[in-house]
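Dear colleague,

Please find below the structure that I am handing over to you, followed by an account of what was found in it.

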Amino acid sequence: MDAALKNALAQPAPLLFGALKIELPSYTLRLLDGSASLQIGTEIYAGIDASFGTIASISELSEEMGDSAPEVTVTLMPPDVSATAVLSHPNMQGSVATIMVGAVDAATGAVIGTLSATATTPSALVTSTTPTPVVLGETVTLAETLGSTNASRYFGTVACTGAADTNLADGLTIGAAETAITCTYTNTRVPALVVTKTSSVLSDPVNASNPKAIPGAALRYCILVTNPGTLAGTNVAATDLLPAGITYTAGSARSGGTCATATTVEDDDAAGADESDPYGVSFLTGTLTASATTLAPGASFAITFDAVLN
Ligand SMILES: [Ca+2]
Ligand SMILES: [Ca+2]
């Protein structure tokens, strides 16, 4: 037996394959026993051939006795009658058939690990102790599962080097000669924002001082958005569906860094330079929206608006 194959078979979990090559007069059939595909030398062997089907069975190889040659029987499963006719045609007699049995060296790359990491430290490098061998042409699904305490706190993206396949959304397909693929997940902390809403009564129709929240009272609300995290928030938006019991006072919205300093006049539509200078406000179909293009770590922005209690 070939020394390399003997060594491979001695490994704890060798990945074995059987392959068949038949050099027909006008076509070379290359089939792999199983459903995967494999590159042997420069030739690709697949589990199914479009014209000639699959390998149904390969008999055990009988050892040579004395001067007789070893014997083996291969049964093919052609997809239709015409393929059967081609295979059994007299011209096919004498075609050279080569049968190969070997082991895929799963240690030379083409290995995708199954990892478990809790992402509790930045830039943690986790290496799989239970890699899953894959073969040429196989498509591997890449996924990560964050711990429950981190699941909603990170954006996860994955990218691979050493692979021609850049569309990982439908899995990573292992291409020819790609034996050293490294895929890296990058988890970016989602900025945790804090939103508070407060209200005060400006005036009422009855009391000259110390106004009360009675019908006809003028109310002032403040929506304060704070970023206590360490990453900037981008395209921050807070929405407030006003209840039926109050009526928004058109054109009353103001913006600023805090409730007390929200004095920049905002109009009620969602267009124009006032939407990004740096804060924006719109009041459309009963919903007030406050927005900021960016919100730096430690920063806050506030929107105030007035309403009348019905
Ligand atoms: Ca506006
Ligand atoms: Ca504005």
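In this chain, 57% of the contacts with a separation of 6 or more are between residues 24 or more positions apart, two residues being in contact if their C-beta atoms, placed from the backbone, lie within 7 Å. This is a predicted model, in which local features need pLDDT of at least 70 and side-chain atom pairs count only at pLDDT 80 or more, while totals for chains, interfaces and linings use all residues. Residues are numbered from 1 along each chain as its sequence is written, and chains are lettered from A and ligands numbered from 1 in the order in which they are written.

The chain has two helices and 22 strands; both are DSSP runs numbered from the N terminus, helices being H or I of at least four residues and strands E of at least two. Of its 310 residues, 15% count as buried, that is, with 20 or more other C-beta atoms within 10 Å of their own C-beta atom, placed from the backbone.

Strand pairing is described next, where two strands pair if DSSP finds at least two bridges between them. An open sheet of three strands has the order β16-β21-β20, with antiparallel pairing. Because β16 (233–241) and β20 (279–284) stand at the edges with a single partner strand each, one side of each is left without a neighbour in the sheet. From one strand to the next, the twist averages 15 degrees; axes are lines fitted to C-alpha atoms, and angles run from 0 to 180 degrees between N-to-C directions. Within this sheet, β20 and β21 (residues 287–295) are joined by six bridges, and L284 is opposite T287 in β21.

Strand β22 (residues 300–309) pairs antiparallel with β15 (residues 218–226) over nine bridges, with A218 opposite V308. Three antiparallel bridges also link β22 to β17 (residues 246–248), where I246 faces L309. A further three connect β22 to β18 (residues 254–256), again antiparallel, and G256 stands opposite A302.

The largest nonpolar core has 20 residues, of which I223, V225, A290, F301, A302, I303 and F305 touch the most other members. A nonpolar core is a set of buried Ala, Val, Leu, Ile, Met, Phe, Trp, Tyr and Cys residues joined through C-beta atoms within 7 Å. Strands β15, β20, β21 and β22 each give two or more residues to this core. Leaving aside residues up to four places away in sequence, I303 touches I223, A253, S255, A262, Y279, V281 and A290. A second, separate core comprises six residues, including I22, L31, Y45 and I55.

Yours sincerely

Conventions. Buried ≥ 20, exposed ≤ 12 C-beta atoms within 10 Å, placed from the backbone.
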